[in-house]
Amino acid sequence: MSDKRCPILLMLLLLFYLLIPEVVWGAEAGEQKWGVWLTLGRFFNLAVVVGILMWVARKPLAAFLVSRTQSIQEQLSEAQKVRREAEAKLAEIQSRMSKLDDELRALKETAEREAQEEYRRLVAEAERDAEKIVERARREIGGMTRAAQMELKAYVAELSIRLAEENIRAEITEEDRGRIFARFVTRLGGKG
């Protein structure tokens, strides 16, 4: 048997002996003459057995208690180490959380500022595009106006020539035609 089980077994036997009635051990009902001395004897026997058990179990019990104490101390130091690490992590997380509010505020301000700048840039670009479109429309209108004016002038000139031709034809007689023809031939003859 191991050293740890021996003291425990002896203690159980002792308790078993004290708790079992005298009838089981063969004592007869008439042997009650010892009275109190019997009870005192039993306590003395108990004290002797407990003393022997303690003397036998002192070394294994002491070793067990020392190893148990060391184990508990190691567990306590490990628990304290883990606690310190957890507290450090908690402090770091709290620090980061407090900084997180500042970072979020800064990000929000930056995003708002960039959005306003982008809005201004888009408005300015739209205004430039609108000005370009208006200027192009003006040029196209100017070009179309000049083309229409030239077309109108050409039409007016053509119409004027036709009207003049019709007026001249209506007013020129056969005699006038003969004179114009003769003058034309004379000019051609004098040049040649």
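This briefing describes the fold, confidence, surface patches and salt bridges of one protein model. The model is predicted, and the protein has 192 residues, of which buried residues make up 4%. It contains three helices and zero strands. A search of the whole structure finds seven salt bridges, and the surface carries a positive patch as well as a nonpolar one.

**Overall architecture**

- From the N terminus on, the elements follow the order α-α-α.
- Helix α1 covers residues 5-19, and helix α2 covers residues 36-171.
- The accessible surface of the protein comes to about 17600 Å². Carbon and sulfur atoms account for 63% of that surface.

**Confidence of the prediction**

- The average pLDDT of the protein is 81, and 82% of the residues score at least 70.
- Among the elements, helix α2 has the highest mean pLDDT, at 87. Helix α1 has the lowest, with a mean of 67.
- Where pLDDT is low, the predicted coordinates should not be read in detail.

**A nonpolar patch on the surface**

- Five residues are named in this patch: W34, V36, W37, L38 and L40. Together they present about 590 Å² of accessible area.
- W34 is located in the loop between α1 and α2.
- W34 counts as exposed because its relative accessibility is 54%, and the exposed class begins over 50%.

- R128, K132, R136 and R139 form a positive surface patch.
- One of these residues, R136, is found in helix α2.
- R136 has a relative accessibility of 45%, so R136 counts as partly exposed. The partly exposed class lies between the buried limit of 20% and the exposed limit of 50%.

**Salt bridge between R83 and E87**

- R83 forms a salt bridge with E87, and their closest N and O atoms are 3.2 Å apart.
- Both residues belong to helix α2, where they are four residues apart, about one turn of the helix.
- The two partners fall into separate accessibility classes: R83 is exposed, at 57% relative accessible area, whereas E87 is partly exposed, at 41%.

**Salt bridges around E118 and R121**

- The side chains of E118 and R121 meet in a salt bridge with an N to O distance of 2.4 Å.
- E118 and R121 lie in helix α2, three residues apart, which is about one turn of the helix.
- E118 counts as partly exposed because its relative accessibility is 34%. R121 is also partly exposed, with a value of 40%.

**Salt bridge between E158 and R162**

- E158 and R162 form a salt bridge in which the closest N and O atoms are 2.7 Å apart.
- These two residues are four residues apart in helix α2, so about one helical turn separates them.
- E158 is partly exposed, with a relative accessible area of 43%, and R162 is partly exposed as well, with 39%.

- The protein has three helices and zero strands, and helix α2 is the element with the highest mean pLDDT.

Conventions: Residues numbered from 1 in each chain as written. Predicted model: local features only at pLDDT ≥ 70, side-chain atom pairs only at ≥ 80, totals over all residues. Heavy atoms only, no water. Patch = residues over 30% accessible without salt bridge, like charges linked within 9 Å, V, L, I, M, F, W, Y side chains within 5 Å. Areas by Shrake-Rupley, 256 points an atom, 1.4 Å probe, with all protein chains shown as cover. Salt bridge = Lys/Arg side-chain N within 4 Å of Asp/Glu carboxyl O. Lys, Arg positive; Asp, Glu negative; His and termini not counted. Charge placed at Lys NZ, Arg CZ, Asp CG, Glu CD. Buried < 20%, exposed > 50% of the residue type's maximum accessible area, 1.4 Å probe, protein only. pLDDT = per-residue confidence, 0-100.
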